[in-house]
Amino acid sequence: MSRRIVIGFTVMALAATAIPAEADQASLRFPSSAFPLGTGMVPVKKQRSVVPGIDLFNVVHGKSTQGWTVSVMMPNGHDAGGLATAQAQAAAVEAAGFAPGIVQVVQPAAADAPAVERYMVRLGLWTLKQRAKADKMVKDLKEYGIKAKADYLGDDGTETTGPWDMRVLMVDPKVFKGSFRTSVGKSVAARETVSSMSKLTHAIAGVNGGFFNIHTAKALQGDPMGVSVVGGRLLSEAVPGRTGLVITEGRKARITELKTAVTAISSDGTKTPIQGINRAAGPDELVLYTEEFGAKTLADGGIEVVVNAAQGKVVNVRQAGGVVARGNYVLHGTGLMALWLQEHALETWTMKVDNKVIDLRTQKAVPLAPDTYVMGGGVGLVRNGRVRITALADGQASLNMMLRRHPRTMVGITKSGGLILATVDGRNPGVTVGASMVEAAQLMRWLGAKQAINFDGGGSSAMVIGNKAVNRPSDGAERTVGDGLFITTP
């Protein structure tokens with residue numbers, strides 16, 4: 001192939017779409033205003049009633065006008081970095097006889113994090129149907145020891161014409177008298193599809209929940225990365241200050257920031273904090289395993305105390321690595337906390353676990369009643385009708401999460417207490433581009449949410465009706481996930 005050498009590198013700046021200041025839609029009616037993204041026209045939608053008080057909307061908008069480019073990877077394996085790093089990579093590409101350009105990208109500011117500039121090195125521009133040419137460029141660069149990838153420009157998160165493909169469930173609290181609940185499926189440790197959890201809970205509809213821990217033992221990867229309360233039982237601790245969805249009295253939903261306080265209390269009066277629930281223990285940690293855990297605890301050299309939950313009586317002290325029998329819970333200690341258990345949790349002694357979930361906006365405890373459900377989402381999107389993305393506090397202040405487009409799952413609450421569940425499909429060039437975090441917030445405001453949260457996305461995004469997915473998960477089929485949010489009959 002012919003190549004030309006570029007002496008200098010032109011830096012082009014790309015930025016995200018501006019955020020409107022206030023919500024336009026406050027009722028539970030589907031908005032009649034223009035789609036907030038792309039060309040600003042009213043989208044095409046199909047509506048059907050799921051049950052009285054719950055409507056499903058299929059929403060499509062925009063058309064594909066973008067194609068492919070090639071992005072050169074930085075030494076750290078990312079596709080964007082600082083200017084000096086990008087310049088060095090561009091020089092290496094140029095020395096190999098190719099024609100690179102440097103592109104500035106801007107990670108949008110969040111409510112708790114400033115905008116951040118990054119730089120990418122890119123080559124070539126091809127139409128949507130010319131993916132093979134971009135792939136060939138990647139192979140050509142590899143021959144010179146340069147790592148690169150084909151990138152669809154619609155995924156960038158900058159200005160686009162779409163298209164978008166969404167599913168939106170609107171629940172009218174004045175008509176629908178059922179309830180909302182979360183589920184971890186058959187166990188905390190294992191992952192399940194949303195449709196499987198929906199069948200288990202006899203749900204009318206549902207969506208996937210929050211992030212789950214893929215950086216642990218395979219058998220434990222269903223562990224939610226944040227707070228989980230199912231039917232009043234605390235099954236996973238909060239990451240302090242992160243955003244979650246709280247459901248009380250079975251149908252009253254709100255979005256807030258949360259923390260948990262879990263304490264073990266020995267019959268000798270000694271107290272100590274419990275650092276984790278239903279997850280692998282770190283060094284010098286005390287972890288609680290409930291009967292919902294559903295797997296053997298890890299044999300990590302620690303000490304375990306088996307407690308009869310009804311009586312609060314220690315029935316066994318054992319080496320770590322065993323089952324959690326129904327009716328019992330297990331306190332698992334490593335290092336210093338193993339020593340604490342050996343001193344304060346002897347057989348026939350009693351042990352109490354005190355659980356608290358604290359709403360950080362009110363500083364009040366969430367009642368852990370049988371009709372209470374709590375799910376850690378991921379990122380707060382909308383607060384009091386305004387875009388307020390808490391990316392840093394919620395652990396997602398990155399270029400990939402803030403600017404890049406992915407499939408998304410969002411949940412919103414209207415002024416009247418109505419519930420909005422939405423998925424926007426993505427990673428399907430020419431069919432649907434997904435949404436950036438900023439765009440997810442814009443979409444929820446447009447749909448009428450006064451409060452909104454972003455749940456797990458990507459291949460995890462799934463919406464089910466009658467135990468069957470109604471969106472198109474980007475993996476080609478439903479991914480197994482950690483938990484889900486469901487709508488159930490009275």
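P163 sits in the loop that runs between strand 7 (148-152) and strand 8 (164-171), with helices (H or I, at least four residues) and strands (E, at least two) taken as DSSP runs and numbered from the N terminus. The peptide bond joining G162 and P163 is cis, with omega at about 5°. This is a predicted model, so to speak of local features takes pLDDT of at least 70 and side-chain atom pairs count only at pLDDT 80 or more, while totals for chains, interfaces and linings use all residues. Residues are numbered from 1 along each chain as its sequence is written, and side-chain values use heavy atoms, with hydrogens and water left out.

Next up is Q66, found in the loop between strand 3 (54-61) and strand 4 (68-72). Q66 counts as buried because its relative accessibility is 16%; the cut-offs are under 20% relative accessible area for buried and over 50% for exposed, with partly exposed in between (1.4 Å probe, protein chains only). Leaving aside residues up to four places away in sequence, Q66 touches L128, Y152, L153, G154, E159 and T160, where contact means heavy atoms within 4.5 Å. Two of these neighbours also turn up in the polar picture: the Q66 side chain reaches the backbone oxygen of E159 at 3.4 Å, and a polar contact of 2.6 Å links the side chains of Q66 and T160. A polar contact is a pair of N or O atoms within 3.5 Å; within protein, one must be able to donate a hydrogen and the other to accept it, and residues adjacent in sequence count only if both atoms are side-chain atoms.

H202 is not a glycine, yet has a positive phi of about 55°; its place is the loop between helix 3 (194-201) and strand 10 (203-208). With a relative accessible area of 65%, H202 is exposed. E249, also not a glycine, has a positive phi of about 55° and lies in the loop between strand 13 (242-248) and strand 14 (252-266). E249 is exposed too, at 52% relative accessible area.

The C-alpha atoms fill a box of roughly 80 × 55 × 35 Å along the principal axes. Among contacts between residues at least 6 apart in sequence, 71% join residues at least 24 apart.
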